[in-house]
Amino acid sequence: MTRRLEGRVAIVTGAAAGIGAAIARLYCVEGAYAVIADIDGTAAERAADAIGAQAMPMQLDVTNEADVQRTVAAARERFGRIDILVNNAGIMRKSYVVDMPEAMWRAVLDVNLTATFLCSKAVLPAMIEAKRGRIVNIASIAGKVGEPTASAYSAAKWGVIGFTRSLALEVARHNILVNAICPGPIPTALGEQGWREGALVEGVGLDKVMARVGSRAPLGRLGTVEQVAKMALFVASDDCDFTTGSAFNVDGGIVMT
Ligand SMILES: NC(=O)c1ccc[n+]([C@@H]2O[C@H](COP(=O)([O-])OP(=O)(O)OC[C@H]3O[C@@H](n4cnc5c(N)ncnc54)[C@H](O)[C@@H]3O)[C@@H](O)[C@H]2O)c1
């Protein structure tokens, strides 16, 4: 069977763990080379080792433009091209607005939204030159529905969807397709931290939050990192060739409710 990303080169940010690691793994199974780009350099090396020779670890802070440019240059140097960027790195912090320190607001906007701009800007020259490319932005259902205590995260993810649409319009003429993915609740470090912080801020037990989260989706369960990776494979592959500027839910149906 032909592999769907044979010979393609992908940069996946936040790929040392969780959803990003699952995306990088699946891309490599499908024949891609993947840059495992993460602020945790040791974890990035571990994740790359687990994949093998197709993966290259890079330590970077996605909010630092010099780091981002260095990572893109290293990927071009090693592989000669960049076909796919997955803007996946993210953080979640929970607070009611009335109590939220400005630094928390800025940190959440920086990692989830501004970094998506910085990384996209950095790969575009290579993609424009090649007259092809795929940018995959990992947003969230928090970018489609509001959630108390998650205003910064929700604003950032709403911004990612708006950025996706505007960039898709800008680069369509270069044959660069830009799509977003909106996962629902997935048990990763970020997901679990969000649930713990949510329980603390609301002053309720974690069991109460987990019961609410678990029953929120019409499909009646939490999602998995592999389910998100399968959507990320679709939007990066030739199977998706007439879709740009979309934001696909992988959420068990939550956005409908
Ligand atoms: N888990 C969920 O329930 C859920 C739901 C919707 C959307 N998402 C989104 O999916 C994406 C991945 O989240 P996850 O759940 O896999 O989280 P995770 O915490 O398991 O992984 C996030 C990765 O991003 C890296 N990272 C954080 N800040 C960084 C920075 N400044 N520079 C580089 N790397 C950085 C972390 O080191 C980590 O490896 C995020 O954008 C998140 O908002 C997650």
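Ground rules, quickly. Residues are numbered from 1 along each chain as its sequence is written. The model is predicted, so local features need pLDDT of at least 70 and side-chain atom pairs count only at pLDDT 80 or more, while totals for chains, interfaces and linings use all residues.

Start with the ligand. How many residues surround the ligand? The shell has 28 residues, and the closest are Gly14, Gly18, Gly90, Leu190 and Gly191. To be near, a residue needs its C-beta atom, placed from the backbone, within 6 Å of the molecule. By class, the shell splits into 15 nonpolar, 10 polar and three charged residues. Here Ala, Val, Leu, Ile, Met, Phe, Trp, Tyr, Cys and Pro count as nonpolar; Asp, Glu, Lys and Arg are charged; the others, Gly among them, are polar. Helix 1 (18-29) and helix 6 (189-202) each supply at least two residues of that shell. Helices are DSSP runs of H or I with at least four residues, strands are E runs of at least two, and both are numbered from the N terminus.

Next, the core. The largest nonpolar core holds 82 residues. Such a core is a set of buried Ala, Val, Leu, Ile, Met, Phe, Trp, Tyr and Cys residues joined through C-beta atoms within 7 Å. Buried means 20 or more other C-beta atoms within 10 Å of a residue's own; exposed means 12 or fewer; partly exposed is in between, with C-beta atoms placed from the backbone. Most contacts inside the core belong to Val12, Ile23, Ala24, Tyr27, Ala34, Ile36 and Ala232. Which helix gives the most to this core? Helix 4 does, with 10 residues. As background, nonpolar side chains tend to be buried together in soluble globular proteins. Take Ala232. Ignoring neighbours within four places in sequence, Ala232 contacts Ile23, Val86, Val136 and Ile181. Contact means C-beta atoms, placed from the backbone, within 7 Å.

Now helix packing. Helix 3 (residues 65-79) and helix 4 (residues 102-130) have axes that come within 9 Å and cross at roughly 35 degrees. Axes are lines fitted to C-alpha atoms, for helices over the stretch in contact, and angles run from 0 to 180 degrees between N-to-C directions. The crossing is right-handed: the near helix is turned clockwise from the far one by less than a right angle. On the helix 3 side sit Glu65, Val68, Gln69, Val72 and Arg76, and these meet Leu118, Cys119, Ala122, Val123 and Ala126 of helix 4. That contact has seven nonpolar, one polar and two charged residues.

Stay on helix 4 for Trp105. Trp105 is partly exposed because 18 C-beta neighbours lie inside 10 Å. Beyond four places in sequence, Trp105 touches Met100 and Ala152. Trp105 and Ala74 are 31 residues apart in sequence and 31 Å apart, C-alpha to C-alpha. Compare Ala155, which belongs to helix 5. Ala155 and Trp105 are 50 residues apart in sequence, yet 9.6 Å apart in space, C-alpha to C-alpha. Ala155 also counts as partly exposed, with 18 other C-beta atoms within 10 Å.

Two backbone points. Lys131 has a phi near 60 degrees, positive in a residue other than glycine. Lys131 sits in the loop between helix 4 and strand 5 (133-138). Buried or exposed? Lys131 is exposed, because 10 other C-beta atoms lie within 10 Å. Asn175 also has a positive phi, about 65 degrees, and is not a glycine. Asn175 lies in the loop between helix 5 (151-171) and strand 6 (176-183). Asn175 is partly exposed, with 15 other C-beta atoms within 10 Å.

Last stop, Gly245. Where does Gly245 lie? In the loop between helix 8 (225-236) and strand 7 (247-250). Gly245 is partly exposed, with 16 C-beta neighbours inside 10 Å. Leaving out residues up to four places away, Gly245 touches Thr164, Arg165, Ala168, Leu169 and Val178. The C-alpha atoms of Gly245 and Ile161 are 8.3 Å apart, across 84 residues of chain.

How values were computed:
Two residues are in contact if their C-beta atoms, placed from the backbone, lie within 7 Å.
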